[in-house]
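Please have the sequence and the structure open while reading.

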Amino acid sequence: MSVRYNAFQLFKHALTGQRWPQAWRKAEPRRSYDVVIIGGGGHGLATAYYLARNHGITNVAVVEKSYIGSGNVGRNTTLVRSNYQMPGNTQFFEHSLQLWEGLSHELNYNVMLSQRGQVVLAHGPVQLDVLARKGNTMRLNGIECELLDRGGVMKLLPYLDYSDDCRWPIYGGLLQRRAGTVRHDAVAWGYARGASDRGVDIIENCEVTGFVRDGAAVIGVETTRGRILAGRTAIAVAGHSSQVAAMAGLRLPVESHILQAFVSEPIKPLVDHVISFGAELFYISQSDKGGLVFGGHIDGFNTYTQRGQLPKVQTVMECLVALIPAAARLRLLRHWGGIQDMTPDGSPYICATPLPGLYLNGGWCYQGFKATPASGWTYAHLLATGEDHPLAAHFQLDRTMKGDGLDEYGLGNWTWKQ
Ligand SMILES: Cc1cc2nc3c(=O)[nH]c(=O)nc-3n(C[C@H](O)[C@H](O)[C@H](O)COP(=O)(O)OP(=O)(O)OC[C@H]3O[C@@H](n4cnc5c(N)ncnc54)[C@H](O)[C@@H]3O)c2cc1C
């Protein structure tokens, strides 16, 4: 059991050389488990935690090919929100935001939730209508939001470009005050510690290289540290979903692409909200250390490298300067890439696969970080009960084959059904 973090422990360790015990046990693989989760990212660890916490299932291993936090959970731009419009998404992401709101307390680990509010900007009257419609859907689902006119945005975000000849005039925006940021690697560490405390084995440097089969059924995994048998085997490898599923002979409707993130040199507090540019996919916030943290679209070709391309750097910088002209004087400190698991309709999968014993969590596209708590919650339910959780019932593998996509970004499904 790890030490409980509190003011007394802080004081004690300050006086005794800050020798904190390990946050989670470094477990050795055992021969078999009730559940083996492949992937020690946010989703795998949250799933293990909620399997133990909600269902009392602790004979669980999380096998991670590298170290905890090495994947996208430690590479993202940390934005969390629940401003979704499609049935199937609204309540799922709202549940996630509610779990974020209690997570530091729940895990006894400060995940640094900062509910600074997110504004999605409209750059034309039609776009403002679309945001109004989204806001109405949210409110009908009990999710707060406010529609802002141009004056309202100016008051909140005075440093944006409101000049007469600006490239993208601002007509208004949709504000969700409960949206914000969360310290991403603290989420991985907090869930790892919470799961380990409840008896879950977290096995790092253990790559899954194949599946153990009994006919069609999957009964375990082959790893670089030997064979591990499992009652249920759960994939949660994000950008490597298709690669890992292919080892079981499954071809997933998932493509892997790079998404880059960028950080500027630190400046005094300026951007005290999260802002989404409406003219392109571009989002920005400011970190506690002062750097502007921002990102845009995926690079747009399939790859497993974690290094971004220069043309996308240029597009993203153009968005930054179009939105905040003063940022043109800043220097870019660093940028990096992560492998995103993109699906045809932009929505994820949390479901059983056609192979008995094998389950899938993946296809998270741009929204995997904010989904982490609800994803773990609902995936754990599926693994424990064999039944889809009602909040994740839409996230089935065959939905695109049935023409029933959940296209939140293009709202394609919505328009087909009108
Ligand atoms: C630059 C960037 C910015 C982003 N910004 C946001 C954002 O602001 N908000 C948001 O909601 N989402 C964002 N995302 C998306 C989000 O980060 C991901 O969707 C989410 O983190 C994926 O889930 P995960 O945390 O479980 O993935 P990961 O942390 O990638 O975990 C998967 C793990 O599986 C392991 N693995 C892979 N193959 C194997 C194997 N064969 N055996 C064992 N282990 C294996 C990997 O090593 C990895 O640790 C962003 C993504 C990127 C790249």
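The sections below take the model, the domains, the ligand shell and the helix pairs in turn.

## Model and numbering

This is a predicted model, in which local features need pLDDT of at least 70 and side-chain atom pairs count only at pLDDT 80 or more, while totals for chains, interfaces and linings use all residues. Residues are numbered from 1 along each chain as its sequence is written.

## Domains

The protein chain is divided into domain 1 (26-109 + 183-254 + 345-416) and domain 2 (118-181 + 256-342), with bounds from an automatic or database domain assignment. Their C-alpha centres lie 27 Å apart. Domain 1 gives 24 residues to the contact and domain 2 gives 27 residues; two residues are in contact if their C-beta atoms, placed from the backbone, lie within 7 Å.

On the side of domain 1 that touches domain 2, β3 (79-80), α3 (90-107) and α7 (241-246) each supply at least two residues. Helices (H or I, at least four residues) and strands (E, at least two) are DSSP runs, numbered from the N terminus. The largest share of this side, 4 residues, comes from α3.

## Ligand shell

The ligand is surrounded by 40 residues, and the closest are Gly-39, Gly-41, Gly-71, Gly-338 and Gly-368. A residue is near a molecule or strand if its C-beta atom, placed from the backbone, lies within 6 Å of it. Both domain 1 and domain 2 give residues to the shell, so the ligand lies between them.

Elements that each supply at least two shell residues include α2 (42-55), β12 (255-264), β16 (332-342) and α9 (368-385). By class, the shell has 14 nonpolar, 21 polar and 5 charged residues. Ala, Val, Leu, Ile, Met, Phe, Trp, Tyr, Cys and Pro count as nonpolar, Asp, Glu, Lys and Arg as charged, and the others, Gly among them, as polar.

## Helix packing

α2 and α9 pack at an angle of about 45°, with their axes 7 Å apart. Axes are lines fitted to C-alpha atoms, for helices over the stretch in contact, and angles run from 0 to 180 degrees between N-to-C directions. α2 and α9 are therefore oblique to each other (angles under 35 degrees count as roughly parallel, over 145 as roughly antiparallel, 65 to 115 as roughly perpendicular and the rest as oblique). Residues in this contact include Gly-42 and His-43 of α2 and Gly-368 and Phe-369 of α9. The contact has 11 nonpolar, 9 polar and no charged residues.

The axes of α3 and α9 come within 7 Å and cross at roughly 100°, which makes α3 roughly perpendicular to α9. Among the contact residues are Phe-92 and Trp-100 of α3 and Lys-370 and Trp-377 of α9.
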